[in-house]
Amino acid sequence: MAEPAAQTAFAEEALTHLDTLYRGALRLTHDPDAAQDLVQEAYLRALRYQHSYQQGTNMKAWLFAIMRNLFWDRFKGSRKEDVSLDDVGEFVLYDKLRDEGARPEADVLDKIAASEVVSAVDKLPPLHREVVLLVDVEGFSYKDAAQTLAVPIGTVMSRLHRARQQLQKSLFDYAVESGIVRPDGMNEGPPRNHGEASDFVGPRQVPQQ
Amino acid sequence: MRCEECSDKLDRFVDRELTNTEALEVQLHLEGCPDCMEHYDFQEHLKRVVKRSCDCDVAPTAFREKLRQILS
Ligand SMILES: [Zn+2]
Ligand SMILES: [Zn+2]
């Protein structure tokens, strides 16, 4: 066991990554209470095994690995339960919208509420969801993500690609259902400016019917 | 570079995972190919939208304090 002072320093450093772990846990468990349990458990385990952390390596990745391993072992049961993504084929929102004459970028993505984007992420199978969390949300390199998930880099890349396709499909379905785009591809509402300010993704950007 | 190769490398380009040389080649193709450029814009934007949307969740202050107590 480490000296108290060293232990406190370790804990303090580990806690600088709390938001990353909490966000990850929330997206994995879909439940704030379960997320807190999972994160607390992960921190206790990290403290217990701090000797196995190598100074100068990526502590965030190390902590995230502990957390997601706990999730799979304890909260999720068996890794085999994961349902792989249905074959979404080469359907992608971008191509779909372009074929239908809509301008996908500013006119669609900027109008989708943050909560809908989060819910599209939540609908991904967990093995794909965690790659999106690591690479897109937390900015992990493929190498760090591969290490965290204990898979080859090629697996990170293929899961990420499939996950993004699925995200586009979910968001397209939502855009059609909510009237942001009509199934025939014509956009509703005035075009948006495409700049820093309009890039804010929020509920108010969903036009009322 | 052909569109097919550009499209193969798009994920890695968006994620800044290409070598400088590869990235430059993609960049050059994008500048001369409106189709691929639009595709790139969309992918890059999707990534930012996903990040921004998920970033809204942060650990509650009370939970942070509780952990600090437990861990010290
Ligand atoms: Zn935009
Ligand atoms: Zn091209």
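1. A:R164 and B:D15 are joined by a salt bridge, with 2.8 Å between the closest N and O atoms. The term covers a side-chain nitrogen of Lys or Arg within 4 Å of a carboxyl oxygen of Asp or Glu. Seven salt bridges link chain B and chain A. Bear in mind that this is a predicted model, where local features need pLDDT of at least 70 and side-chain atom pairs count only at pLDDT 80 or more, while totals for chains, interfaces and linings use all residues. On bookkeeping, residues are numbered from 1 along each chain as its sequence is written, chains are lettered from A and ligands numbered from 1 in the order in which they are written, and side-chain values use heavy atoms, with hydrogens and water left out.

2. Polar contacts also cross between the chains: 17 residue pairs of chain B and chain A, both at pLDDT 80 or more. Such a contact is a pair of N or O atoms within 3.5 Å; within protein, one must be able to donate a hydrogen and the other to accept it, and residues adjacent in sequence count only if both atoms are side-chain atoms. On chain B, the elements giving two or more residues to the side that touches chain A are α1 (3–14), α3 (34–55) and α4 (61–71). The largest share, 17 residues, is from α3(B). Helices here are DSSP runs (H or I, at least four residues), numbered from the N terminus.

3. How much area do chain B and chain A bury between them? About 3900 Å², 62% of it on carbon and sulfur atoms; this is accessible area (1.4 Å probe) lost on putting the two parts together, summed over both. The contact (heavy atoms within 4.5 Å) draws 45 residues from chain A and 32 from chain B.

4. Ring centres within 6.5 Å make a pair of Phe, Tyr or Trp (its six-membered ring), with planes under 30 degrees apart stacked, over 60 edge-to-face and the rest tilted. Here the centres are 6.2 Å apart and the planes at 50 degrees, so the A:Y22 and B:F63 pair is tilted.

5. Inside chain A, A:E138 and A:R23 form a salt bridge (2.9 Å, N to O). A:E138 sits in the loop between α8 (126–137) and α9 (142–149) and A:R23 in helix α2, so the pair ties together parts 115 residues apart in sequence.

6. On confidence, the complex gets an ipTM of 0.92 and a pTM of 0.79 from the predictor. Mean pLDDT (confidence in each residue, from 0 to 100) is 93 for chain B and 78 for chain A. Where pLDDT is low, the predicted coordinates should not be read in detail.

Definitions and conventions:
pLDDT = per-residue confidence, 0-100.
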